[in-house]
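Here is a structure to get to know, with its sequence alongside. Take a look around before reading on.

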Amino acid sequence: MFKGKKAIIFGDRDGVPGPAIAACMKAAGAEIVLTATECFV
Amino acid sequence: MPDPVIAAFSCILAHAPGFVRYGSKPSREIADRPALVLSAIEGHLRGFEEVVAYPPNQVFIGNLKPDDLHGIGQPWYDHPVFPAPRRGPYGEIYPEELLLGMIKLADDFGLVEIEKDSAPVLQGLLESHPFWRGADPGRIGQGVDPGRVDGLIEHSGSLPLFHGGRRVGCVNRHHDRDDNLKAHVLMENLLAKASGALALKNLLRSADIGGDGLDLLLNCSEEAVGDRYNRGGGGLAKAIGEMCGCVASTGCDVKAFCTGPLYALLFASGLVKAGLYERVAVVGGGSLAKLGMKFQGHVARGMPILEDVLGGIAFLVTGDDGQSPVVRLDAVGKHDIGSGSSQQNILESLVLKPLDRVGLKVTDIDKYAVELQNPEVTVSGGSGNVPLANYRMIGALAVLRKEIARQEIDRFVREHGMPGFAPTQGHIPAAVPFLGHAMDGIRRGELNNAMFIARGSLFLGRMTQLSDGLSFLLERNPGRRK
Amino acid sequence: MEKQSTIKKLVDDLGAQDLVVVIGAADPEVASVTAETVTFGDPSFAGPLAGVSLRLPVYHILEPEVKSAIPAEIYEEQAGFLELVADTEEIGRIFREIRGRLETA
């Protein structure tokens, strides 16, 4: 589903953080083009 | 040697409606569409009485308990507390006139000019306040001519100060080629200094000691004091201490985003336990940048702009007095660099590891204090309920440990958590606003312990993708009978 | 707005083909606001990019169909914990709906 895709990641400090999503997407075969984590406060 | 105690606590709010326009988000939006945004902001500001009667603010200064908010209908701004005293057991809510007087009192470099129409009012208010009677309120002086302020704003990069829709003076820049000494930055720093001083004065009063009774001050505010060669490398600890007569104290700043207050508390505790200092005060002033951060959501929903106050916190760490609650230094939780970014690993480091070390279960902790941002501010800004999200994750840890079933998470949250009640002032909501409530709950025998957890967003500075966190456990003093 | 300009720049540099956005906010409302902002533009406020729709497919890391695309061990380690607190079915429904609107709009 994500093989060969380029992933833009917006994680959440109080949810799933950016680097954690990046690890998942990489394992799913995507290339990571941006990892950001948001802090909503 | 026994672990140190938290002997006193204070927190204050300063109403700052005239400064909302200088918050980071409002000032960017105003720059894009000046007339439209400014009038929207001004049409949604609250009066001082509304701010005092706002239920979360009454919790903040200790007149209500956090759980009392469960019994007050939302929106809370439509359910004012009556009667609503300005003073509470932990501190006071100050009107903007006093804050304006305070930034002039905090000014050692001619950075603040007050117009002559307004000077007597500010002066009178300071002189009538018990904290500042002897503190040279004469600094405000006669005030200056409005024409001088016009010229400074027009030609010299000064920023106008407003109160009640009227200009009352200005903040000047102090160097024309140093961005770190421009008016906006100096305004931010002066407000942190002034609100920090208000919190520290309240702390000294509640601890019943003079300024000379402290020997170390740690400031954990979020400003970045310094000139063009050292942005953020300076600090406010001694500047605040000087305002409060702490002549026997030295000090420095501890900065760690929202985790700052807990690092400062940890360092204070370590230094007291090691015998280097006897009485250490941690102080944090308010953050101008965060004013009006979610104003667009508030305006769009026809709500008042709730981010109209600066916060200030202070607490006193001393050696064991046989009475006050103890900071258990064997139960400090830390987010190691190698903890990774999985939420589970992070929370295990902050909650489970310290509990395991002292043989406690997740459900043995009576109350968890997480980042206590008022959800009424954040939900309407599209940012969710931060304390609730964190309480649910702590509940999930209890599920993983098989202490509760998954369907019991909501009950866990209700019993071991609390509604957020702190203004969204960065480091200010970082668990520590519950300190006073925890100390009182322990004194009254309603609580045995409380765990304080703060998270920091290191990634905001773009130097690492890491986040941060720290936790500590506060417990009934074993020397004190239940 | 800032997220939108970041994405716009990536679209300009890399082309929209093969780009996907993945979101991690556990609160369904926060997640859907973020998803709307990065795909359709900020719904509530005007700005330099108002009306610019970037139309990238947007996913949530906690959607069941996303989970099924990720090796189980890694998913468990990095994101599995949030499944205990988030309503993953609801998140899946919201994100399928947003992607559906992208295709038909």
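## A charge over a ring

Over which ring does the charged end of B:Arg21 sit? The ring belongs to B:Phe162, and the charged end lies 3.7 Å from its centre. For a charge to sit over a ring, NZ of Lys or CZ of Arg has to be within 6 Å of the ring centre and within 35 degrees of the ring normal. B:Lys201 also gets a mention here, lying over the face of B:Trp132 at 5.2 Å from the ring centre.

A quick word on ground rules: this is a predicted model, where local features need pLDDT of at least 70 and side-chain atom pairs count only at pLDDT 80 or more, while totals for chains, interfaces and linings use all residues. Residues are numbered from 1 along each chain as its sequence is written, chains are lettered from A and ligands numbered from 1 in the order in which they are written, and side-chain values use heavy atoms, with hydrogens and water left out.

## Rings that pair up

Over all chains, the structure holds eight aromatic pairs. Rings of Phe, Tyr and Trp (its six-membered ring) pair if their centres lie within 6.5 Å; planes under 30 degrees apart count as stacked, over 60 as edge-to-face and the rest as tilted. One of the pairs is A:Phe2 with C:Tyr59, which is edge-to-face at 5.0 Å centre to centre and 85° between the planes. This pair crosses between chains: A:Phe2 is in the segment before strand S1 (6–12) of chain A, and C:Tyr59 is in strand S2 (residues 58–60) of chain C. A:Phe2 counts as buried at 1% relative accessibility, and C:Tyr59 counts as buried at 13%. (Buried means under 20% relative accessible area, exposed over 50% and partly exposed in between, with a 1.4 Å probe and protein chains only.)

B:Tyr263 and B:Phe267 make a tilted pair, 6.0 Å centre to centre with 45° between the planes. They are separated by about one helical turn because they are four residues apart in helix H10 (residues 260–273) of chain B. Helices (H or I, at least four residues) and strands (E, at least two) are DSSP runs, numbered from the N terminus. B:Phe267 is partly exposed, at 39% relative accessible area. There's a cluster as well: B:Phe434, B:Phe452 and B:Phe472 form one aromatic cluster.

## Where chains B and A meet

How many residues does each chain bring to the contact? Chain B gives 21 residues and chain A gives 13, with contact meaning heavy atoms within 4.5 Å. About 1,300 Å² is buried between the two chains, and carbon and sulfur atoms give 55% of that. Buried area is the accessible area (1.4 Å probe) that two parts lose on being put together, summed over both. In chain B, B:Ser341, B:Phe459 and B:Gln465 lose the most area to chain A, together 35% of what that side buries.

The rule finds one salt bridge across this interface; a salt bridge is a side-chain nitrogen of Lys or Arg within 4 Å of a carboxyl oxygen of Asp or Glu. B:Glu371 forms a salt bridge with A:Arg13, their closest N and O atoms being 3.0 Å apart.

## Chain C in brief

Chain C has five helices and two strands, following the pattern α-β-α-β-α-α-α along the sequence. Buried residues make up 50% of its 105 residues.
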